Amino acid sequence: MNIRELLQQLHRGDSRSIGRAISLVEDQNPAAEKILAGLDQARIERSLILGITGPPGAGKSTLTAGLIRQLRKLDHRVGIIAIDPSSPVSGGAILGDRIRMMAHALDREVVVRSMATRGRLGGLCASAGAAVRIMAASGCNTVIIETVGVGQTEMDVIGLADMTVMVLAPGFGDDIQAMKAGILEVMDLLVINKNDQPGAEKLALDLGTVFATAEDREIRLLKTVASEDRGLELLLERILLLEKKYRQGSTFLHRRQHSFALETMDWALEMLRPRISRLIAADSGTDPRLAAHEIIDKLGQEFGK
Amino acid sequence: MAQQYRVLIGKPGLDGHDRGAKFIARALRDAGFEVVYTGIRRTAEEIAAAAIQEDVGAVGLSSMSGAHLRLFPAVIEALRLAGAGDIPVLGGGIIPDEDIEPLHQAGVEAIFTPGTPVDTIIEAFRSACCKHYRNRP
């Protein structure tokens, strides 16, 4: 396969080349690094990486579909990475987020890629960052990452995205109480979806306590009924407003730098894993922590050579 | 690392009986496949576009309404028009014996009927994916 040709087609927005490129990265094909090195960095910098997260059943996919519709009204080209969990038993996965986005199936300016977590915890898959950059380089102004349904800790998307929206719905009760402990504060926007359902008002009152000021709450707490396309225009307005603010200040650049560092760390550890595995097999220490220390010393000696 | 197989399971046309499609999707998942499921009532063009974006190794179609002679070849044609005629298409459902040969002629890689053992179906997807990944440019 000719990587130069693939890159050319990808930058022209060709669906098949985008799909191929993401697969090569996802399968850890040796060609992956050549593809990533050849991506249009200016386009990547200009794009907005938007994380959509929330518990299972809160309406993430339906809300994402609604946002696609709003973004298309503004003539944005939109990329979507929709992540679903892999089975820890078989390694297989059912990737069903796409069903809610089929209204855009024939729109050439909407590119959807479903990805399985493939053993990674934290709500993303290991290649999510690379897939985002491939889509951005293909000309997507906005790239949405829809995480797996999350609980209280799977929040890796915050580290990858420029901005993260947490989608909640009434009826989750104690789960949301527990989330208040830390996750909600670091979200850029909180959305109460299914706002026509019983319990929505109480949820709004509960969530109101997360914000430092009434003004902050006014900007960052939104209500939607995504299945009926209600509240999404305002949601996009807020997203674009925050984006402008972040780009004018230092937030945008800081987040991108932070994201770069995090993902580099992930990959470096991933690449070390097989070497560490070999050393563990050779080791029969008394305590795992001591054994780990010995391994790090041994690796240091190897690197020193 | 072994190649992770990705397939798409879809239902073209107006028939909403999706138990068969969902059963196959789950069986493939349990056999280690990543299965993109596109739901019911899709056009041939929608299924082809999704298969291309998702870079799958094979497309599985289900039909219970008797429209398979029209719908399965329509998906093959849609894939071909979109420049992805190399992605193999497999089909299953309520398909009379006399329709199997015409479907093979139209390019459907394998046909499954209510009596087909699930292991046979999984093997057929595995071999279709394997061939596709090996031969692709």
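Let's start with the open sheet of chain A, which has 7 strands in the order S4-S2-S5-S1-S6-S7-S8, paired in parallel. At its edges stand S4 and strand S8 (221-223) of chain A, each with a single partner strand, so one side of each is left without a neighbour in the sheet. On average, and ignoring direction, neighbouring strands of this sheet are turned by 20° against each other. Please keep in mind as we go that this is a predicted model.

How are the strands of such a sheet held together? In general, they pair through backbone hydrogen bonds, either parallel or antiparallel.

Is S5(A) buried or exposed? Of its 5 residues, 5 are buried, so S5(A) is largely enclosed by the rest of the structure. Both of its faces are covered: A:Thr142, A:Ile144 and A:Glu146 are buried on one side, and A:Val143 and A:Ile145 are buried on the other.

Further along the sheet, a helix comes into view. Helix H9 (residues 200-208) of chain A lies across strand S6 (163-168), strand S7 (189-192) and S8 of chain A. Relative to S7(A), helix H9 runs at about 160°.

Now turn to helix H2 (residues 15-26) of chain A. Its 12 residues should span 16 Å at 1.5 Å a residue, and its end C-alpha atoms are 16 Å apart, which agrees. H2(A) is mostly covered, with 11 of its 12 residues buried; among them are A:Ile18, A:Arg20, A:Ile22, A:Leu24 and A:Glu26. What do these buried residues pack against? Within chain A, they meet helix H1 (3-11), helix H3 (32-37), strand S4 (110-116) and helix H6 (128-137), and from chain B they meet helix H2 (44-53). After H2(A) comes A:Gln28, with a positive phi near 55°.

That packing against H2(B) leads us to the contact between the chains. The contact takes 28 residues from chain B and 27 residues from chain A. On the side of chain B that touches chain A, helix H1 (19-30), strand S2 (34-37) and H2 of chain B each supply at least two residues. The largest share of that side, 6 residues, comes from H2(B).

Stepping back, the domain assignment of chain A gives domain 1 (40-248) and domain 2 (266-304). Taken over C-alpha atoms, the centres of these domains are separated by 37 Å.

Finally, a word on confidence. The predictor gives the complex an ipTM of 0.93 and a pTM of 0.93. For chain B, the mean pLDDT is 93, and 98% of its residues reach 70 or more.

Notes
Residues numbered from 1 in each chain as written. Chains lettered and ligands numbered in written order. Predicted model: local features only at pLDDT ≥ 70, side-chain atom pairs only at ≥ 80, totals over all residues. Helix = DSSP H or I, 4+ residues; strand = E, 2+ residues; numbered from the N terminus. Expected span 1.5 Å × (residues − 1). Buried ≥ 20, exposed ≤ 12 C-beta atoms within 10 Å, placed from the backbone. Contact = placed C-beta atoms within 7 Å. Domains from an automatic or database assignment. Pairing = 2+ DSSP bridges. Axes fitted to C-alpha atoms, helices over the stretch in contact; angles between N-to-C directions. pLDDT = per-residue confidence, 0-100.
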